[in-house]
Amino acid sequence: MRSLLLSLLISLALVAEELPQESFGDSVYNSIMKPAQSEEELMNRVLYTNLAGAALVTVWGVAFWDYFSTSPRMGDEGWFQHDTKYGGADKMGHMYSTYLWSLGFSSLYEYWGMETERSALYGSLSAWSFQFLMELGDSFSESQGFSYEDVVANTVGALFYYAREKYPDLKNKVDLRLEYLPDFQSGGDVFTMYNSMKYLFALKFSGFESMEDNLLKYGELQLGYYTRGYQHYEDYIQKERNIYVGVGVNVSEILASWGWVKTGKIFNYYQLPYTYVPFSYDFDSESYFKPYSRPYHGYKR
């Protein structure tokens, strides 16, 4: 839910700069759809976007997330251990969401006229700052608490995005993706439905000169992690913390070869299910298991 809310907050923040001078419609158009006309205007947009968004997150947190209901405190969440709430899936989620937010901010800043490398830096800093602000708010929440593990995961996500944009060879070779098949029958927040998610890094053969001109360019290796049964554990027979190595096809590269370059870019960030063969190990049962020998959403009651 927080991801959806933050989307709305940022969208509102983007139009804050020119509201007093123009009608709402003209303000939205000029603040989002038109590139900045000067360096000063560009930096004002970046500044007001971050300030207004931060203020709105704070107000919403006080109203709905019980911010400032207690004195600052730490939350002991752990990492990927068996006795954690989500088995570490939430940490992967923090890393991926900060990575994706970095992409969003960076793309916006670049559209406004900021050069590519600079927009990658500013976008990563903006994404990290918003995530840190929410974590700081959590420290004043009775139900949450400040989690340094979340901050570390957010930092990894922001740094990976910046490194990937700064070094084109890395971007051509490695993706960070989310695989997601929602289980709407289980209910809950679709943005934190960890029983339906897998997080992975993909090593793309198309990024290597020796493979870019033959059929191997459509292949890739994957390293992924996911959990099942930690969230809503009462509905599951067993818990799973699974790591896997996968051999798959690069969907983005296939679509690009058909001329669908822009559409294909989506799959640099989203993993299409059942387009790879995983070789997996479950840390909870301490056992290997065959590809697709377990149901996607785990062993539910």
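A residue is called buried when its relative accessible area is under 20%, exposed when it is over 50%, and partly exposed in between (1.4 Å probe, protein chains only). Ser196 has a relative accessibility of 1% and therefore counts as buried. The model is a predicted one, in which local features need pLDDT of at least 70 and side-chain atom pairs count only at pLDDT 80 or more, while totals for chains, interfaces and linings use all residues. Residues are numbered from 1 along each chain as its sequence is written, and side-chain values use heavy atoms, with hydrogens and water left out.

Ser196 sits in the loop between β1 (174-180) and β2 (197-204); helices (H or I, at least four residues) and strands (E, at least two) are DSSP runs numbered from the N terminus. A polar atom of the Ser196 side chain lies 3.3 Å from the backbone nitrogen of Asp183. Beyond residues up to four places away in sequence, Ser196 touches several others, including Tyr180, Arg228 and His297, where contact means heavy atoms within 4.5 Å.

The chain as a whole contains nine helices and six strands, and 46% of its 301 residues count as buried.

In soluble globular proteins, nonpolar side chains tend to be buried together. A nonpolar core is here a set of buried Ala, Val, Leu, Ile, Met, Phe, Trp, Tyr and Cys residues joined through side-chain atoms within 4.5 Å. The largest such core has 20 residues, and among those touching the most other members are Tyr96, Leu178 and Met197. Two or more residues come from each of α4 (89-111), α6 (148-166), β1 and β2, with α4 giving the largest share, five residues. Leu178 is in contact with Tyr96, Met197 and Tyr270, among others.

Charged side chains also pair within the structure. A salt bridge is a side-chain nitrogen of Lys or Arg within 4 Å of a carboxyl oxygen of Asp or Glu, and the whole structure holds 16 of them. One joins Lys91 and Asp150, 2.6 Å from N to O. Because Lys91 belongs to helix α4 and Asp150 to helix α6, this pair ties together parts that are 59 residues apart in sequence. Lys91 is buried at 2% relative accessible area, and Asp150 is buried at 4%.

Another salt bridge links Arg177 and Asp175, at 3.0 Å from N to O. Arg177 is buried at 2% relative accessibility, as is Asp175 at 0%. Through shared partners, salt bridges join Arg164, Asp175, Arg177, Lys204 and Glu220 into one network.

How values were computed: A polar contact is a pair of N or O atoms within 3.5 Å; within protein, one must be able to donate a hydrogen and the other to accept it, and residues adjacent in sequence count only if both atoms are side-chain atoms.
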